Amino acid sequence: MDTLGLDSRRSMQAILQKPTRKENVSAGLDVLRRRGNPVQNEVVALNAALILQLAGVCEDLVEGFQGALAEIASTRPFDK
């Protein structure tokens with residue numbers, strides 16, 4: 001994960017399953033609304049990067065991850 005610039009020393013508490021379905025959906029929407037914390041943003045971006053790579057949209061995981069982070073930083077994901 002060093003290639004992606006992820007910091008493994010960060011608290012995992014930020015990405016643990018929430019107690020209710022409503023809280024889990026809210027956490028996901030927070031990322032799309034640009035209100036997620038850095039760890040949540042990176043987890044969503046990593047998942048998106050894997051899907052993009054499998055779909056042949058990007059050359060490698062790094063390209064997909066960087067592109068996904070850029071999208072998360074914009075308002076486009078929530079607008080869609």
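Tutor: P77 is found in helix α4, residues 76-79; helices here are DSSP runs of H or I with at least four residues, strands are runs of E with at least two, and both are numbered from the N terminus. This is a predicted model, in which local features need pLDDT of at least 70, side-chain atom pairs count only at pLDDT 80 or more, and totals for chains, interfaces and linings use all residues. Residues are numbered from 1 along each chain as its sequence is written, and side-chain values use heavy atoms, with hydrogens and water left out.

Student: What does P77 touch, leaving aside its neighbours within four places in sequence?

Tutor: P77 is in contact with L32, E71 and I72, where contact means heavy atoms within 4.5 Å.

Student: How far is P77 from Q66?

Tutor: Their C-alpha atoms are separated by 15 Å, and the two residues are 11 apart along the chain.

Student: Why is P77 classed as partly exposed?

Tutor: P77 has a relative accessible area of 24%. Buried means under 20%, exposed over 50%, and partly exposed in between, with a 1.4 Å probe and protein chains only.

Student: Changing topic, which residues make up the largest nonpolar core?

Tutor: There are eight: L4, V31, A45, L46, A49, F65, A68 and I72. Such a core is a set of buried Ala, Val, Leu, Ile, Met, Phe, Trp, Tyr and Cys residues joined through side-chain atoms within 4.5 Å. The elements that give two or more residues to this core are α2 (38-54) and α3 (61-73).

Student: And which residues is A45 in contact with, beyond four places in sequence?

Tutor: A45 is in contact with F65, A68, L69 and I72.

Student: Now the surface: which residues form a nonpolar patch there?

Tutor: M12, I15 and V43 do, with about 230 Å² of accessible area together. Patches take residues with over 30% relative accessible area and no salt bridge, joining like charges within 9 Å and nonpolar side chains (Val, Leu, Ile, Met, Phe, Trp, Tyr) within 5 Å. A salt bridge is a side-chain nitrogen of Lys or Arg within 4 Å of a carboxyl oxygen of Asp or Glu. Accessible areas come from the Shrake-Rupley method with a 1.4 Å probe; for residues, only the protein chains shown count as cover.

Student: Where does I15 lie?

Tutor: I15 lies in the segment before α1 (21-32).

Student: Finally, how many helices and strands does the chain have?

Tutor: The chain has four helices and zero strands.
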